[in-house]
Amino acid sequence: MADQGDRQRQAAILIADVAGFSAMVETGETEAVSAVRKLADKVIVPAALQYSGQLVKTLGDGFLLEFPSSLQAVKAALLISKKTASQGTSLGHPRLALRMGIHTGNVISAGDDLFGNCVNIAARLESLAGPGEICVSGTVQEQVRGRINAAFDDLGLQVIRNISDPVRIFRIAENTMPQLDPEGPAYEISVAVLPFAGKPAAADSASSLADSLTEDITIGLSRFRELRVISRTTALRCASSASETSLAAVELGVRYLAEGTVRQLPGKLRVAVSLADGISGSTLLSEQYHLAAGADITQQDALARQITQTLAGQLQATAKRRSAAIAAASTPLTARELVLRAKALILDTRDALMQCRSLYQQASDSDPGNATACSGLALTYLVEWMSGWGKSPAETLDRAFPLLRRAARIDPLDSVAQRRLAVMHLFKGEFSLAEDHFQRALALNPNDTDAMAFRGLSLVYQGMPEKALAELDEATARNPFHPTYFHWFKGLALYMCREYQPGISEVNKAVGLFPGFPAPRRHLAACYGQLGDRTAAAQECGRILQLEPGFSVSRIRSTLPFAKEEDLEHYCDGLRRAGLPD
């Protein structure tokens, strides 16, 4: 309890510590301490000062910082994370990774230290963050949402010791994460799901859930065509004979291993899941989930889907990075190498789109039976339609159709080809055909959240924006690695619901990351136009006309597949109010 000399005030608290510090000490205590001191002097203190904060104290490898507001604390955390990642070598030590937690509330100042629930909650958030991650409370998320160039992953409610009410936790998705290719890995990824273990072994409910999760996650991952997943029986046989994770990877012939435990706790089950690189032994992902002890099969299935999507997203992210490295390091000769280089591109500019199209065309010409090359080539036409970069929208879609039909014939079990066929029909306004292909895609891969997102867009165009929001929210919740277009699809749905300010917040998450892509900027301009924000609308119009010099409302009106005339008019009205030429 604080004494009468203690002072109470409102503040935002950021707590950080160095991941893997103990291992660093084992290899060299003096060097480890020196590295942390340099980190504080060169990165943490300057970043705090830049956003009116201060370093309150240092405890070994940990730091406690205070800021006047949540926004300043989060901006400082993002800056610290960025500089820590980029300056490891220049600081003369191996790259350091920080875990950070941020909460805001009343703090008690006593001498040179801070106390109170706010500090305790920030410390707990830091402990839940992974290496390089930033976790914030729901209070902080509400205060900074839409004001920073980052997205948030909802990690749900967590019970914190000595705090009466559960705290909702969000993980900040740094700016680099949404830039990952949403279409799946280019480099082949091999993975085995090792048998989940029930703890204690005598707990029937834990053992039963462990068995079902092992089977469901193995099946779920196998639905992603670019993943090579070892069968459950093979994984069980090799895992039981291997004493170490690296040996299991060698015996199974895979690069990555997913494993987990189900622990019986009073009234609930705690599921811990990790994904490891079998060669380096490093952990790529570590998550915890909770399930009520009496949860029914529907809830268990939902948990299995969530874990599957999280693992698949992490594997796709890893594949994307490896594909980019391969493309940069070698000259593509085979169709597969051409596809690797194409998939490493981000299609946020016209030049990148044309480069990607050329690579996919070369791959298709080299290997006419390559379904991925055909489907990827078709994707460039779908992106061209969305961006408005093509001269004839109808001709653009017509060029995509035969390519997708060919890809679906070559590989009828590929959900991606079915999803893109659905998108092509959607852009043509053929909603029943689109829904048929969406259903096929989701039957082939129930964890295809990209199909769910485009299905949400379809609902917007059909005049059901409220249902679209529900579909997009579910897709976002199920995919922690969701691409940025989820945000501008949701922004359009909010616009059609007349929720213009929330729509701006959603679209800004995409625009900030891909400023050269014109489609979401139209939604942003329309929102500003309806709100009567002339200054912001004029700025957006200038950017749109710079990206699309020939843009006109009448041209876009002729292409958008709104089923209802009043919805089309509402959208075009926003563009006109913003000041775009008719």
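**Notebook: aromatic pairs and a helix crossing**

I checked burial first: Trp488 is buried, and Phe517 is buried too. I am working from a predicted model.

Trp488 and Phe517 form a tilted aromatic pair, 5.9 Å centre to centre with 50° between the planes. Trp488 sits in helix α18 (residues 485-496) and Phe517 in the loop between α19 (500-511) and α20 (519-531), so the pair ties together parts 29 residues apart in sequence. I found both residues in one aromatic cluster, together with Trp389, Phe454, Tyr485, Phe486 and Phe489.

I counted the aromatic pairs and got 12. One of them is Trp385 with Phe427, which is stacked: 4.1 Å centre to centre, 10° between the planes. Trp385 belongs to helix α12 and Phe427 to helix α14 (residues 415-427), so this pair links parts 42 residues apart in sequence. I looked up burial here as well. Trp385 has 10% relative accessibility, so it counts as buried. Phe427 is buried at 3%.

Next I turned to α12 and its contact with α11. The axes of α11 (residues 350-366) and α12 (residues 371-387) come within 8 Å and cross at roughly 155°. That is over 145 degrees, so α11 runs roughly antiparallel to α12. I noted the crossing as left-handed. On the α11 side, the contact residues include Leu353, Cys356, Arg357 and Tyr360. On the α12 side, Leu377, Thr380, Tyr381 and Glu384 are among them. By class, I have 9 nonpolar, 5 polar and 2 charged residues in this contact.

How values were computed:
Residues numbered from 1 in each chain as written. Predicted model: local features only at pLDDT ≥ 70, side-chain atom pairs only at ≥ 80, totals over all residues. Heavy atoms only, no water. Axes fitted to C-alpha atoms, helices over the stretch in contact; angles between N-to-C directions. Helix = DSSP H or I, 4+ residues; strand = E, 2+ residues; numbered from the N terminus. Parallel < 35°, antiparallel > 145°, perpendicular 65-115°, else oblique. Left-handed = near helix turned anticlockwise from the far one by under 90°. Contact = heavy atoms within 4.5 Å. Nonpolar A, V, L, I, M, F, W, Y, C, P; charged D, E, K, R; others polar. Phe/Tyr/Trp six-rings, centres within 6.5 Å; stacked < 30°, edge-to-face > 60°. Buried < 20%, exposed > 50% of the residue type's maximum accessible area, 1.4 Å probe, protein only.
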